[in-house]
Amino acid sequence: MRAVLTWRDKAEHCINDIAFKPDGTQLILAAGSRLLVYDTSDGTLLQPLKGHKDTVYCVAYAKDGLWSPEQKSVSKHKSSSKIICCSWTNDGQYLALGMFNGIISIRNKNGEEKVKIERPGGSLSPIWSICWNPSREERNDILAVADWGQKVSFYQLSGKQIGKDRALNFDPCCISYFTKGEYILLGGSDKQVSLFTKDGVRLGTVGEQNSWVWTCQAKPDSNYVVVGCQDGTISFYQLIFSTVHGLYKDRYAYRDSMTDVIVQHLITEQKVRIKCKELVKKIAIYRNRLAIQLPEKILIYELYSEDLSDMHYRVKEKIIKKFECNLLVVCANHIILCQEKRLQCLSFSGVKEREWQMESLIRYIKVIGGPPGREGLLVGLKNGQILKIFVDNLFAIVLLKQATAVRCLDMSASRKKLAVVDENDTCLVYDIDTKELLFQEPNANSVAWNTQCEDMLCFSGGGYLNIKASTFPVHRQKLQGFVVGYNGSKIFCLHVFSISAVEVPQSAPMYQYLDRKLFKEAYQIACLGVTDTDWRELAMEALEGLDFETAKKAFIRVQDLRYLELISSIEERKKRGETNNDLFLADVFSYQGKFHEAAKLYKRSGHENLALEMYTDLCMFEYAKDFLGSGDPKETKMLITKQADWARNIKEPKAAVEMYISAGEHVKAIEICGDHGWVDMLIDIARKLDKAEREPLLLCATYLKKLDSPGYAAETYLKMGDLKSLVQLHVETQRWDEAFALGEKHPEFKDDIYMPYAQWLAENDRFEEAQKAFHKAGRQREAVQVLEQLTNNAVAESRFNDAAYYYWMLSMQCLDIAQDPAQKDTMLGKFYHFQRLAELYHGYHAIHRHTEDPFSVHRPETLFNISRFLLHSLPKDTPSGISKVKILFTLAKQSKALGAYRLARHAYDKLRGLYIPARFQKSIELGTLTIRAKPFHDSEELVPLCYRCSTNNPLLNNLGNVCINCRQPFIFSASSYDVLHLVEFYLEEGITDEEAISLIDLEVLRPKRDDRQLEIANNSSQILRLVETKDSIGDEDPFTAKLSFEQGGSEFVPVVVSRLVLRSMSRRDVLIKRWPPPLRWQYFRSLLPDASITMCPSCFQMFHSEDYELLVLQHGCCPYCRRCKDDPGP
């Protein structure tokens, strides 16, 4: 900082106060009893103002002309002491008063005291000057106070002191803020005006005077200061703040607020502030070192780490010594002080290690790198001499000597070239080895080499940035400031007090190299930073110049795979020995769209065929004809084919078909006709083709089949003699009659016809017909597989009535297959398994409907019987889809409703061990609680009766669906699932089914006989036989008379009847399940003839007659096997 005296004048009396006009053009001051008005630009006294009879102590310009907008008159308030100074806050709401007794009173605009500040010195430290900080950026209003206790202090509006009192060593008479509150001006008995920071740190002297300074003020919005003294002197100064900064590559350090240092990373834009709390005089930065010169010491900082982006500095060394120097440079282990003609090298401990004395004033110094402790310095002198100095060497090396003084220097990255800016604003570039002047450019004030490119530099001057590559002309663009660095595509520019990184595309120098076909050099420039368009232009130029390596790198940069494939193919061809550059260039031109130039090169290199191929690929057939050989039919055919392809692509299919036919490309013609659905053209082509041309004929037939023209397709297959495809056509189009007729003539296709036919029938729910078709095709296993798949689907979709029907169908299918002796045992096992599953799913259908549907179609007794039947019949592994929870839930619910409380308790207990779905949880928990209030027994009306031994069976039977006494299996109704009054009996050995039927049908009255039962036991079975005795008497039924006995054993003993018993039976009381072989018929005797029972003749399921009739009326068929009522039985 330095102060320049602009003008000075002297009045006759002491200058008590000074005030600027708000716009800064005029200055008014109080001198004795007079007011003097000056022009601030040149110090001219405009006019003296008279009228005051006594001394004027204060002057001020009015900003709005009013005392207070709210008050009509001036209000007056008493003060406890003499008021020496006052100051309003920025918003005009508070007034600070400085008093002679050392007290500061802060009042609102109504005069009410809000804060009272008592200074420690009291009346011995009168408050001589106060001023509020005018800055709008401060959070709080800050009051600066200067008293005659020779201290300056700072307070908030609340009266809280900021920091500590700062000693002045003189009596202050005036204090004011400078440049919007950044600095403070302070004058008094020391006969000078000093500049302080806003925190009270002294920075320097504005101007020394001959007497006390009573007033000083800053000109509004400028860097001018006016000073008024005791002897009447008025001095007008301009304050000039020099830029204190340092730069190394992408790190820039500069002074801020005179006492702080900010280090800025120019690439990442990171900043770090180092507070020194003293005037910063010099800054130097190099690699990881930072040197800051303060008035009484030099601080050396270093980075915490070697990370290039690290911005954390710490103090490494302190040199507590006052130095006077013009320039400061820091190295890895030394600092360099420049003092006029002398350079001093000091260690970080402050010890001077060596010194260099120059012939002339040092104008420029710069560290150019080197090993730690051996760095090199580039020094420029006023006499034009340029030297290189190593910090560990006493001898300076003269690089060159020029006639003009040096202003700026820089050395290229390889240290082979030197750029100098002299005092004539000329940039001169030298070869360091030969000392030859390579070139010079005018209008330069600073210069910098590109650190990443040897042949590029930039210099600034006259408001322009100049970029020069090699010996090419300068590229110029507008730029304000000084160039201080050049790294890649970034130019670091210092403008006023700030530095910025300017991104400059390197397009212009790159094109300069391209114009001279210097592709590798142009690529190096492009790497510094150019646009994608520039990269593509470089790639194209290098490709046309056959510099494939450079072109490849450039195309990789723009990610152009198409041209990269071209370069790769050319490189492969060169490896195979091709050397014809015309051919390579022709390929390049064809890729670039320069087809005629490419054709000329193809022709010149003797490859007319490539030109022909290029033009045909481009559908430029007129040009292609110029390159046809002398009537070569192959080339002519190829050209016609290509032309047809082109017609096809431009949506002219009919023309393309005609061209393809003329070129013999029947397949392509057929494809177009087929894609457009032209059946007439397809059959015409098929009829004109020879039957030996199987591929086009087969394609014709395929398209005709797709276009729903099976007749024409059949005609084409017949022409080819392809009977297998013809059969497949009839099958796919479901023309079964034609297929059957063809199968009669050619039995070898029987399987190909009946197998798909059976599948089609099965898919259309025509299972009986499908079974016959599978049988005809000899594919009984496939029939079973189809039905199994349908069954699994029904279970998965919860269609349990369909599942029951399909399982019954499967069982009958297995029974049919069981007639084969080789498969008898396996198929009979499956038959019984599927019969059992059919019964389970048929019953479970009602349970599922009851739990899932909102309305039930079954009576409670029926649901009760079904759930008991399922519970007793379920195997250990529950079949898929059947929920034991739903069965037990239904059983518990219906048991409770019908009075079977014991059974309901058992069902609820079983449910507790199962996983319960959320929707049943509440009902089951409630039922479990409420059943506890019911009796612990079941209603006797619900207990099932065994019609063989008349034993009442428990509702929960551990043996299953058999009597606990005689082990006779219960026969259930397939609708209501109650126990039917039927007992199964077996024929005596030697009696055939036909004989048994004839004996039963006789119904002849016989003499009454006494039939006795004879129990015959052997190792494998126990048989109860009804035998005839000669002394039989009475008219009792021989069958029923022998059923009332106590079984007593643990094994089931079947009822075996003789011929006599058969003759005694009535045909209407006997039901016969007439199973097909290999099964035997089953015989059942009704014990209550008046209660009619109906058996379905197809599935042999038993029903109460009235239930069966009702169900048949409702559904039109048997509810179990879905046999229609009009169909004949098996």
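Rings of Phe, Tyr and Trp (for Trp, the six-membered ring) pair if their centres lie within 6.5 Å, with planes under 30 degrees apart counting as stacked, over 60 as edge-to-face and the rest as tilted. The exercises below use this and a few further terms. The model is predicted, so that local features need pLDDT of at least 70 and side-chain atom pairs count only at pLDDT 80 or more, while totals for chains, interfaces and linings use all residues. Residues are numbered from 1 along each chain as its sequence is written, and side-chain values use heavy atoms, with hydrogens and water left out.

**Exercise 1. Aromatic rings**

Task: State which residues are linked into a cluster by ring pairs, and classify the pairs F800 with Y844 and Y807 with Y841.

Solution:
- Step 1. The cluster consists of W7, F20, Y38, Y224 and F236, linked by ring pairs.
- Step 2. The structure holds 30 aromatic pairs; one of them, F800 with Y844, has its centres 4.9 Å apart and its planes at 85°, and is edge-to-face. This pair links distant parts of the chain, since F800 lies in helix α21 (residues 800-817) and Y844 in helix α22 (residues 824-852), 44 residues apart. Helices (H or I, at least four residues) and strands (E, at least two) are DSSP runs, numbered from the N terminus.
- Step 3. F800 is buried at 1% relative accessibility, and Y844 is likewise buried, with a relative accessible area of 1%; buried means under 20% relative accessible area, exposed over 50%, and partly exposed in between (1.4 Å probe, protein chains only).
- Step 4. Y807 and Y841 form a stacked pair, 5.5 Å centre to centre with 5° between the planes, and this pair also joins helix α21 to helix α22, across 34 residues. Y807 is buried, with a relative accessible area of 10%, and Y841 is buried at 1%.

**Exercise 2. Two packed helices**

Task: Describe how helix α1 and helix α3 are arranged, and list the residues that meet.

Solution:
- Step 1. Two packed helices are described by the angle between their axes and the distance between the axes.
- Step 2. The axes of α1 (residues 507-515) and α3 (residues 532-544) come within 11 Å and cross at roughly 10°. Axes are lines fitted to C-alpha atoms, for helices over the stretch in contact, and angles run from 0 to 180 degrees between N-to-C directions.
- Step 3. The two helices are therefore roughly parallel to each other, a description that covers angles under 35 degrees, whereas angles over 145 count as roughly antiparallel, 65 to 115 as roughly perpendicular and the rest as oblique.
- Step 4. On the α1 side, S507, M510, Y511 and L514 meet D534, E537, L538 and E541 of α3, where contact means heavy atoms within 4.5 Å.

**Exercise 3. Backbone exceptions**

Task: Locate D221 and F1100, and decide whether each is buried or exposed.

Solution:
- Step 1. Most residues other than glycine have a negative phi, and most peptide bonds are trans.
- Step 2. D221, although not a glycine, has a positive phi of about 55°; it is found in the loop between β18 (213-218) and β19 (224-229), and is exposed, with a relative accessible area of 72%.
- Step 3. F1100 also has a positive phi, of about 60°, and its place is in the loop between β54 (1093-1095) and β55 (1102-1104), but F1100 counts as buried at 4% relative accessibility.
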